[in-house]
Amino acid sequence: MARLRIRNIGWAATPSAGLENPYTLRRPAIDTVLVENGTIFWAGKSSEQPDFPGAEDLDAEGRGITPGLIDFHAHPVFAATREAEFELRTAGASYTEIAAAGGGILNSVKRVQDETVDGLCDFARPFLDNALAHGTTTMEAKSGYGLSTDGELKLLKAIAELDRTHPLDLLPTFLGAHEYPLEYRENHEGYLKLLTDEMIPAVAQSGLAVAADIFCETGVFSVEESRRVLTAAKAHGLAVKVHADQLTPLGGAKLAAELGALSADHIEFIDDEGVDILASSGTVAGLLPVAAHFLRMHEDPPVRAMIERGAICALATDFNPGSAMCENMQMALHLAAIRFRVTAEEAIWMATAGSAKALGLSDRGALEPGQRADLVLWNVPSPAMLPYHFGINHAGIVVKGGRVVARNGTRVQ
Ligand SMILES: [Zn+2]
């Protein structure tokens, strides 16, 4: 029986399990956490600690503790970075001009075609190590750079291999509907048929994805096309989610709620009705401030209205090589504070309990007995420091499933 005792904890901040009191962090007066077989067994004052023989000892040295951060929206598996495009954008080229010159998502697709599963894993691992060392303990991993049955399955196989061999938990999402591949640019019907009649059944049968996602956007997949693809995914037992209302007010968030999606993500252009529909649904409002920053978006999602009307918001990096080259959830906390004007408490709640809900998980996101022992010990005197003092790594020790997996910015197991 694997036991761990974390003692000498300086402060603790955690959501309540079960989405009680959204956006509120409890501040329990605890200095000790006991972990058994990867699960939190007890948390409290050392003077009241129950007998717990045989435990490995971890001295927190006064650090604060929160649940591990959950990055519910990420595209971490690709074959090449795209800094040349970033340079072009910095010099003033638009995303559309870059795509026309052979860049964008289709550039990533071309590079993935020439890569093996092992090569994809090797390329992704350092990014996953970084994420872990910055306090992320669970991450979503989307495919979407294959855009063919073989290419998508190759990415999903790489994600499964990384999940098996890396301490991070990866939740696999099929994103074959990321973009129309070149050969289907003039034949949308052909690609939609390929998605619904071949790719989705093959992915569902492989067991390599738990959800399906789509880029519902003007010029990409329309609301009608998105409904068709996601309905097929649901019929094959996959949960669904939507890249929605990012660049234009198309109505993707409403579609997400209609289909009972896990989340509607980006939503910079969600309208007032969309906010009400999300608030009265079980669909999470997915906030991606790193992408908004990276793309110099002028529009922000109406986060305060969503919080006030009772929508559940979650926070993620959107880590990907084209529009959010950042695997560090601490930057998401900072940029949510600056761009979306959320408090440290709200941002941390969104990045733990909110993000767990966005992945359909109830076993993590709170520091309570029975929850997974995914924990971060922070080198700061209060949670308010996390979004405030930005650009450096505050994660001192990262515990995943009851094991120390990173210390001072470096993966150790
Ligand atoms: Zn995305």
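This is a predicted model: local features need pLDDT of at least 70, side-chain atom pairs count only at pLDDT 80 or more; totals for chains, interfaces and linings use all residues.
I started with the layout: the protein splits into domain 1 (3–67 + 365–411) and domain 2 (69–358). I took the domain centres over C-alpha atoms and got 29 Å between them.

Next I looked at how the two domains meet. I find 32 residues of domain 1 in contact with 31 residues of domain 2. For the size of the interface I went to buried area: about 2,700 Å² between domain 1 and domain 2, with 69% of it on carbon and sulfur atoms. On the domain 1 side, Leu19, Tyr23 and Arg411 supply 31% of the area buried against domain 2, more than any other three residues.

Then the polar side of things. I count two salt bridges between domain 1 and domain 2. I looked up Asp169 and Lys400, whose side chains meet in a salt bridge at 2.9 Å, N to O. Polar contacts across the interface come to ten residue pairs. Among the elements that each give at least two residues to the domain 1 side touching domain 2 are β15 (375–378), α14 (385–388) and β17 (403–407). The largest share of that side, four residues, comes from β16.

Last, the cysteines. How many disulfides does the structure hold? I find zero.

Technical notes. Residues are numbered from 1 along each chain as its sequence is written. Side-chain values use heavy atoms; hydrogens and water are left out. A disulfide is a pair of cysteine sulfur atoms within 2.5 Å. Domain bounds come from an automatic or database domain assignment. Contact means heavy atoms within 4.5 Å. Buried area is the accessible area (1.4 Å probe) that two parts lose on being put together, summed over both. A salt bridge is a side-chain nitrogen of Lys or Arg within 4 Å of a carboxyl oxygen of Asp or Glu. A polar contact is a pair of N or O atoms within 3.5 Å; within protein, one must be able to donate a hydrogen and the other to accept it, and residues adjacent in sequence count only if both atoms are side-chain atoms.
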